[in-house]
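Q: I am new to this structure and would like to learn how to read it. Please take one kind of feature at a time.

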Amino acid sequence: MDRRFVPGNARLLKELNQYQILDALRRHGSLARSELARITGLTPPTVGAITAALLADGLLLEGEGLPAASAGRRAVPLSLNPAWGVAIGVLLSITRAQVLAVDLGGTVRGRAELTVPSGAQPGEVADGIAAAVRRVLGEVRPRRVIGAGAALHGVVDHAGGVMRFAPHFGWRDVPFAAMLAGRLELPVVADNDVRCMALGELWFGAGRGVQNFVCVRVGSGIGAGIVLDGSLFRGGRALAGEIGHFTVDLNGPLCHCGSRGCLETVASGPAIARRAGMESATAVARAAEAGDARALQALADAGTHVGVAIANLAKTLDPELVLIGGGVARAGEHLLAPLRRAIAAHALDQRAVVPVRPVALGDDAAAAGAAALVLERFFRGGAVPAVLGWMGRH
């Protein structure tokens, strides 16, 4: 049967049209109705009907009239109402958890951070994060809570919100999104932390307006979030971007994944610290800034290894941009300069070497991306916000 005639498709079409309008306003900030029609390809009557409903709901705001291109009515710009509600973004990393309350414009309205103790079990971590979320919402007092997103360590099943394998925690098949949803009585969506970092940069950071880019996190582990044609690419089994387990030395050190010579064994934060003979990558970065030769060499070696991996990735995906984040990225040009040199040295075409920049959102990138997971579902009609009355029960 032709899907165009299946009952219920009119509602689906309306939701898709609404998403196009909201997404255009998110990307461009402020647009007149005529501009919305041009950008989305929708007819002016359709744009008028949808924006009227969104204005009535308070999701959109009207600005002051702008001079029209020709004589007649002044064009009135529309924009998203940032105060309409917030999405919660959670980052669960190896040693800490971060909670952000993010409005529709990407502004962080509230935040909290807590330590994740070594050996912590999933239930107690979920308890701590839920308490932090309630604390943030109690301070922000938003009118609506759209939902919560979680950026999680390890291999994550996005569709089910399950941590399939979190090597640094030793967790397998943990339904973390459901655990957090039960504690908060809110919808929770989850993904791998580096994919959330990429989504955060796509929505609110250096990836805005870029259709194809790769976001690489270099920290206690190494991974990549891949954006193709303006959307996250997860792969067939949610394993896309696991560049930390590219084999760089067949006889190299044993990795926690069970293989030998993975990129993480030579270029992650712990590997850099071992190579420099220091207690942490942070200490290595401080020593490099002071001119310590061992620290500088350790960061240069790591940058070279990561640069070669990115060069190989660039030959496969041909991205327009590479963004670097994670704790080790705080070493700045001590890491990035040798990384860029390695990419250039291994590029197929010296006229089109992919540019490399730090993430724009810094340490907030992954948690902001987790909030963007929620906003993306909401704009597509897949999430129903809870009104402020939710707060009274907690």
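A: Start with the terms for strands: two strands pair if DSSP finds at least two bridges between them. Helices (H or I, at least four residues) and strands (E, at least two) are DSSP runs, numbered from the N terminus. The model is predicted, so local features need pLDDT of at least 70 and side-chain atom pairs count only at pLDDT 80 or more, while totals for chains, interfaces and linings use all residues. Residues are numbered from 1 along each chain as its sequence is written, and side-chain values use heavy atoms, with hydrogens and water left out.

Q: How many bridges join S4 to strand S5, and in which sense do they run?
A: Strand S4 (residues 86–92) is joined to S5 (residues 96–103) by seven bridges, and the two run antiparallel. Three residues lie between S4 and S5, which form a hairpin.

Q: Which way do the residues of S4 point?
A: In a regular strand the side chains alternate between the two faces of the sheet. Here Val86, Ile88, Val90 and Leu92 point one way, and Ala87, Gly89 and Leu91 the other way. Buried means under 20% relative accessible area, exposed over 50%, and partly exposed in between (1.4 Å probe, protein chains only). Seven of the seven residues of S4 are buried, so this strand is largely enclosed by the rest of the structure.

Q: Over how many bridges do S4 and S7 pair?
A: S4 pairs with S7 over seven bridges, in the parallel sense, and Val86 stands opposite Val145. S7 (residues 144–152) also pairs with S11, again in the parallel sense, over five bridges. Leu152 stands opposite Asn192 in S11. Five of the five residues of S11 (residues 188–192) are buried, so S11 is largely enclosed by the rest of the structure.

Q: What is the order of strands in the open sheet of five?
A: The order is S14-S13-S12-S15-S16, with mixed pairing. S14 (231–233) and S16 stand at the edges with a single partner strand each, so one side of each has no neighbour in the sheet.

Q: Which elements do the buried residues of H11 pack against?
A: Contact means heavy atoms within 4.5 Å. The buried residues of H11 are Leu335, Leu336, Pro338, Leu339, Ala342 and Ile343, and they pack against helix H10 (293–317), strand S15 (321–325) and strand S16 (356–358).

Q: Which residues touch the most other members of the largest nonpolar core?
A: In soluble globular proteins, nonpolar side chains tend to be buried together. A nonpolar core is a set of buried Ala, Val, Leu, Ile, Met, Phe, Trp, Tyr and Cys residues joined through side-chain atoms within 4.5 Å. The largest one has 52 residues, of which Leu25, Leu36, Trp203 and Phe213 touch the most other members. Helix H12 (residues 365–379) gives the most to this core, with 12 residues. Apart from it lies another core, of 36 residues, including Leu137, Val145, Met179 and Ala190.
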